[in-house]
Amino acid sequence: MTMKLSARQYKQRLGFSLLTLMTFLTIIPIMGVVIYIIYLGLPAINLEFLTGFPREGMREGGILPAIIGTFYLTLGTAIFAVPLGIGSAIYLSEYAPDNKATQLIRIAIINLAGIPSVVYGLFGLGLFVLFLGFGTSILAGSLTLSIMTLPVIISTTEEALRAVPQSFRTVSMSLGATKWQTIRRIVLPQALPGILTGVILGLERAAGETAPILFTVAAFFLPRLPNSPLDATMALPYHLYVISTQVPGMPIKIQYGTALVLLAFVLSMNLVATAIRSRARARRQW
Amino acid sequence: MISKQKIGINPKPPKREFLITALIKAAGYSAIIFVGMIFLFLLVESLPALREVGLSNLLSSRWYPIEDHYGVLPLIGGTLIITIGATMIALPFGVGTAIYLSEIAPRWLRETLKPIVEILGGLPSVVLGFMGMLILSPYLRIWLDLPTGLSALAGSILLGGIAIPTVVSISEDALDAVPRSYRDASLAMGATEWQTIWRVTLPAARSGVLTAVMLGIGRAIGETMTVMMVTGNAPILPTGIKDLFSPVRTMTATIAAEMGEVANSSTHYHVLFLIGIILFLISLVVNVTASAVVFRQKKSQERILS
């Protein structure tokens with residue numbers, strides 16, 4: 001006996017198939033891009049590529065200065081953005097009264113998150129490079145990236161802090177701990193995995209960004225390592241931009257190799273963040 | 001009267017607590033200070049442009065800074081056409097994927113696919129631009145028989161891709177937040193799952209989905225590297241749908257491409273800051289509107305629950 005489907009069941013089948021198709025049309029290109037870059041980039045990866053300096057107008061040799069540069073920029077961003085971001089989140093979650101001023105802070109954070117990255121570049125150029133006289137330097141770039149990263153760190157940290165049950169705070173305070181002691185000894189340790197996840201995701205964004213460092217830090221070609229925060233440096237995302245658009249006759253292998261190193265840098269941060277989050281969820285007792 | 005300190009509830013010296021509280025409060029207000037500073041800097045650096053160039057030049061349709069033509073209309077038009085194109089892609093695919101993940105996919109598939117979509121959100125835009133240049137544009141040129149694949153269409157497709165993770169992630173949250181009982185009631189009334197999705201779940205999550213789309217569009221407008229690499233960067237005012245197939249240049253790409261080469265405090269420099277403040281104001285409007293939708297939704301939910 002064959003079941004006869006009604007018109008609306010047909011419609012449902014058709015609709016479900018369409019949505020499935022759309023989902024896979026979204027997913028497959030993403031996986032395609034990642035696999036393709038790994039496939040074409042892997043042959044370029046060797047010790048010389050990772051630890052050597054660019055030679056022959058960047059057409060040969062390695063990309064060490066760009067790797068180190070991106071590492072320093074990420075570190076510099078962490079130094080400024082992490083304390084400020086966590087402090088701001090603590091204020092919003094633990095101290096801020098529910099009033100107009102707090103609402104204004106929230107609107108400001110939403111705005112910071114939405115400002116185009118190239119506008120951060122303009123601001124960094126205007127304030128840090130020219131007005132404060134840092135020049136195109138790791139310092140100027142890190143500060144610019146920090147402000148851009150701030151909203152990500154604030155909102156994820158605040159979410160992590162708010163997830164700590166209120167009763168933990170009440171118990172701590174009733175035992176005689178001060179507000180700050182409660183935050184430092186009870187709330188922050190409990191929220192730590194969530195905070196770490198947010199911090200890493202924020203830094204991941206900073207590491208992969210090009211537009212904010214275009215005019216604040218990035219050197220087109222600098223065949224040495226930076227020695228101070230006031231030095232300019234090469235950086236992976238900018239280097240990929242340069243060798244794929246500005247240098248004629250660039251070997252495709254080096255382009256894909258650079259893309260792969262950048263992708264590995266960013267995706268490994270993403271994986272660490274995801275791992276911390278899922279481990280913390282599994283172990284959470286409340 | 002016995003103070004707290006005297007009976008020893010507060011073992012820490014109050015001065016230290018005062019300092020840390022002040023620091024935390026200062027950090028809390030830092031976001032306002034930064035937004036204010038960014039706005040102020042853009043304003044100070046862009047005002048001379050209005051004086052030096054004049055509105056009629058700025059509002060013309062010719063961008064050719066070497067000969068002092070600073071018409072920003074082609075750039076605004078370029079951003080507009082690419083954003084519309086990106087929305088046409090991100091809206092159906094983003095919301096469709098969110099509905100599939102939230103309402104249709106089995107749990108294991110959802111838990112597998114969501115991280116993959118999030119990976120797209122984490123791909124650096126320069127990597128997408130790179131792939132766009134090397135793979136997407138050449139194919140577009142061959143398939144559509146265009147003089148160049150570096151076109152508004154290539155930019156729209158990639159920006160759509162960039163906006164999708166934002167749209168999927170926030171829409172999925174919104175759909176997920178619709179109470180189970182809404183769906184159960186609809187199904188119990190004899191509606192199919194398909195009808196339930198369209199007539200009950202999606203309308204209930206309406207404002208969240210709207211926010212998702214707006215924030216996705218916001219991301220697309222501000223995207224820089226990808227568009228700079230794949231749109232061909234020709235500052236021509238788009239006038240119709242056919243311009244989707246020709247090169248365009250966006251506001252963001254103009255700043256990124258030209259700021260490195262201009263002299264500080266020159267007219268050109270100030271005009272680029274003027275474009276920056278236009279972008280700043282657009283993102284301000286988009287984000288404040290999107291968050292207002294969320295706030296309103298939260299309030300109405302509170303009303304329903306109370």
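## Briefing: chains A and B, a predicted pair

Chain B has 13 helices and 2 strands, where helices (H or I, at least four residues) and strands (E, at least two) are DSSP runs numbered from the N terminus. This is a predicted model, so local features need pLDDT of at least 70 and side-chain atom pairs count only at pLDDT 80 or more, while totals for chains, interfaces and linings use all residues. Residues are numbered from 1 along each chain as its sequence is written, and chains are lettered from A, and ligands numbered from 1, in the order in which they are written.

**Overall build of chain B**

- The radius of gyration of chain B is 25 Å, whereas a compact globule of 306 residues would come in near 19 Å; the radius is taken over C-alpha atoms, and the globule rule is 2.2 Å times the number of residues to the power 0.38.
- Along its principal axes, the C-alpha trace of chain B spans about 75 × 65 × 35 Å.
- Of the 306 residues in chain B, 46% are buried (20 or more other C-beta atoms within 10 Å of the residue's own; 12 or fewer is exposed, in between is partly exposed, and C-beta atoms are placed from the backbone).
- Take the contacts in chain B with a separation of 6 or more: 75% of them join residues 24 or more positions apart. A contact here is two C-beta atoms, placed from the backbone, within 7 Å.

**Where A meets B**

- 71 residues of chain A are in contact with 71 residues of chain B.
- On the chain A side, helix H1 (residues 7-41) gives the most, with 18 residues.
- That side of chain A divides into 47 nonpolar, 21 polar and 3 charged residues. Ala, Val, Leu, Ile, Met, Phe, Trp, Tyr, Cys and Pro count as nonpolar, Asp, Glu, Lys and Arg as charged, and the others, Gly among them, as polar.

**The largest nonpolar core**

- This core has 173 residues, and those touching the most other members are Ala235(A), Leu240(A), Ala259(A), Val127(B), Ala163(B), Val167(B) and Ile275(B). A nonpolar core is a set of buried Ala, Val, Leu, Ile, Met, Phe, Trp, Tyr and Cys residues joined through C-beta atoms within 7 Å.
- H7(B) supplies the largest share of the core, 14 residues.
- Leaving out residues up to four places away in sequence, Ile275(B) touches Val72(B), Leu75(B), Met251(B), Thr254(B) and Ile255(B).

**Helices of chain A**

- H8(A) (residues 179-208) has 30 residues, yet its end C-alpha atoms are only 38 Å apart, short of the 44 Å a straight helix would reach; the expected span is 1.5 Å times one less than the number of residues.
- H8(A) has a kink of about 60° at Leu192(A), shortly before the proline Pro193(A). The bend is the angle between axes fitted to the seven residues ending there and the seven starting there.
- Leu143(A) sits in helix H6 (residues 138-162) of chain A and is buried because 25 C-beta neighbours lie inside 10 Å.
- Not counting residues up to four places away in sequence, Leu143(A) touches Phe80(A), Gly124(A) and Phe128(A).

**Residues to look at in chain B**

- Most residues other than glycine have a negative phi.
- Asp145(B) has a positive phi, near 55°; this residue is in the loop between helix H6 (125-144) and helix H7 (152-176), and is exposed, with 8 other C-beta atoms within 10 Å.
- Ser265(B) has a positive phi too, near 65°, and is found in the loop between helix H12 (251-258) and helix H13 (267-305).
- Gly121(B), in helix H5 (residues 107-122), is partly exposed, with 19 other C-beta atoms within 10 Å.
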